[in-house]
Amino acid sequence: MTKSTFPLRLAKGIIYGFGIVILALVSLMSLLYAVDVINEDFNFITTIRHTQPIVKLGVCVAGMILFASMAVWLTKVFGKRGEWITFLFSFIWMIVISAWWIVNAKVSPGGDSKSLYDIAVRALNGDLAPVAPKGSYLALCPHQTGLLLFFEGILRIFPGADYITIQWVNLGMLSVGYVSAYLLVREWFEATVVRHLWCLLMMFLFPLYFLVPMIYGDIPGLALVCIATLLGQYWIKHQKWYYLLGTFLFACGAVAVRKNYAVYAIAAILALMVYGWMTRKAKFVLASAWMALAILLAGTVPTKLYELRAGNSLGGGIPTVSYVVMGLNHTGWNGYHSSLYLECDYDEEKTAQISNQDLLDTLKRMKAHPGDAIRFFWEKQRIQWAHQSFAYEVSTVYSFDEGRTPQAWEVYSGNWKAKWQPVMDVFQSMVYLGALLYVIQMLVVRDIHKSQTPMWKLVWLITVIGGFFFSLIWEGGARYTLPYFVMLIPYAASGIHGLFQVITKFVKNTCK
């Protein structure tokens with residue numbers, strides 16, 4: 001083992017090791033459970049039911065063989081350039097499904113998104129009173145100023161814009177992100193079959209398309225992550241400074257509109273640092289410092305901008321430790337953090353002191369009752385990672401305009417849901433298993449001892465690993481894991497292709 005390649009081998013070993021454990025765990029959860037959401041007069045009841053894992057596994061393997069066979073057939077019929085036909089078809093499919101849902105679901109802002117949208121409307125009209133250390137939503141969550149700026153920007157750019165306009169902008173951003181992700185797959189995987197497979201798999205990503213009408217940072221943030229990753233790939237390949245600048249700016253945007261995407265920025269930092277260590281090139285280390293700066297600026301620049309405009313200041317908001325306490329004591333959201341902050345009259349120090357004590361008490365309880373702690377985390381993770389619809393219904397059903405169509409209600413709780421949800425259940429398991437097969441495949445071909453596979457190709461896998469650990473301690477929600485699921489699809493496509501090659505080789509050798 002040479003000294004120059006040791007960092008890469010060590011990093012890959014850690015990534016593949018954690019990847020196998022985590023992907024095996026979420027695959028098991030997906031095979032064992034299915035999440036049912038029952039609508040009883042808008043009192044949506046979430047239940048987790050056991051499935052037949054052996055049967056589901058058989059269906060998943062059959063599905064993977066079917067998808068791979070279709071990709072091989074498309075490659076043979078259309079040739080190498082024919083992948084553009086598959087991509088174009090899947091792209092149009094995504095546009096049509098998302099646009100149809102915007103028109104039919106009639107989703108209006110609710111919860112945090114409504115608070116931010118209302119503040120954006122007020123800011124547009126010169127009313128910046130919500131920019132204050134007390135008494136407003138921003139006082140609780142000043143980190144949301146990036147998303148607020150995004151909303152206000154759309155309202156200013158488009159005459160007569162409203163939240164429906166933001167939904168169509170979401171679709172536009174998803175479209176750009178979709179193209180960027182496809183170009184990234186082309187850079188990462190040379191096999192045409194894998195590219196066809198990615199397009200086919202993306203066509204079944206209905207939860208993502210059903211979240212387009214939700215005006216929050218999920219869709220814009222994911223799109224910006226796709227663009228940033230593609231530009232980062234171009235920078236590593238071509239060493240042009242403007243690609244690095246673009247990576248930095250789009251990563252800033254992603255973290256600004258959705259703070260959870262800081263997990264991606266951290267993954268990018270780690271990938272670039274290892275690459276810089278391996279190549280002994282300072283520019284990669286400098287690039288990782290830029291990504292760290294992106295996390296910092298994404299949180300401070302929008303806030304400072306609104307403070308300057310308002311001539312006022314925002315407090316620090318709810319301390320981070322309060323979110324952690326909530327995440328370690330509840331499988332979802334229970335309002336602990338915001339309620340405590342209000343009880344303490346927006347006093348950050350007092351809130352942090354109480355939360356720190358509650359955190360110590362929680363850790364002591366978990367240490368004293370490890371079995372209960374394990375059951376809690378298992379329950380929390382299966383709700384987040386085994387939810388085949390990724391909670392799109394819970395996130396979008398409550399607030400809506402008059403005129404929501406019967407077809408939309410069928411998707412939410414009618415016959416259409418009964419038909420497509422089992423498909424999504426199998427699809428989810430296919431992606432998890434496919435990604436697991438990819439990691440195993442990398443170990444089988446001894447990729448850990450090769451320097452040909454750059455760290456940047458694994459940046460999304462690193463993000464998923466980080467996201468899994470983040471989801472253990474933070475507010476639980478299946479919608480929060482959807483971006484990680486999207487990031488697994490390229491690896492799943494390669495893993496499914498590898499499985500198909502093994503099966504076809506086995507069949508040919510058996511038939512000789």
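This is a predicted model: local features need pLDDT of at least 70, side-chain atom pairs count only at pLDDT 80 or more; totals for chains, interfaces and linings use all residues.
**Nonpolar core**

The largest nonpolar core comprises 177 residues. Within this core, Trp 198, Trp 460 and Leu 461 have the most contacts. Beyond its neighbours within four places in sequence, Leu 461 contacts Ile 15, Tyr 16, Leu 23, Val 439, Leu 488 and Tyr 491.

**A buried loop residue**

Asn 260 is located in the loop that joins α11 (241-257) to α12 (262-279). Its relative accessible area is 16%, and because the limit for a buried residue is under 20%, Asn 260 counts as buried. When residues up to four places away in sequence are set aside, Asn 260 touches Phe 470, Tyr 480 and Tyr 484.

**Aromatic pairs**

The model contains 48 aromatic pairs. One of them is the stacked pair of Tyr 323 and Trp 474, with 5.1 Å from centre to centre and 5 degrees between the planes. This pair links distant parts of the chain, as its members are 151 residues apart. Tyr 323 belongs to helix α14 (residues 320-327), whereas Trp 474 lies in the loop between α21 (459-473) and α22 (478-511). Tyr 323 and Trp 474 are both buried.

**Charges over rings**

Two arginine side chains are placed over aromatic rings, as listed below.

| Arginine | Ring | Distance from ring centre |
|---|---|---|
| Arg 382 | Tyr 33 | 4.5 Å |
| Arg 404 | Trp 409 | 4.9 Å |

In the Arg 382 case, the charged end of the residue sits over the ring of Tyr 33. Arg 404 lies over the face of Trp 409.

Key
Residues are numbered from 1 along each chain as its sequence is written. Side-chain values use heavy atoms; hydrogens and water are left out. A nonpolar core is a set of buried Ala, Val, Leu, Ile, Met, Phe, Trp, Tyr and Cys residues joined through side-chain atoms within 4.5 Å. Buried means under 20% relative accessible area, exposed over 50%, partly exposed in between (1.4 Å probe, protein chains only). Contact means heavy atoms within 4.5 Å. Helices (H or I, at least four residues) and strands (E, at least two) are DSSP runs, numbered from the N terminus. Rings of Phe, Tyr and Trp (its six-membered ring) pair if their centres lie within 6.5 Å; planes under 30 degrees apart count as stacked, over 60 as edge-to-face and the rest as tilted. A charge sits over a ring if NZ of Lys or CZ of Arg is within 6 Å of the ring centre and within 35 degrees of the ring normal.
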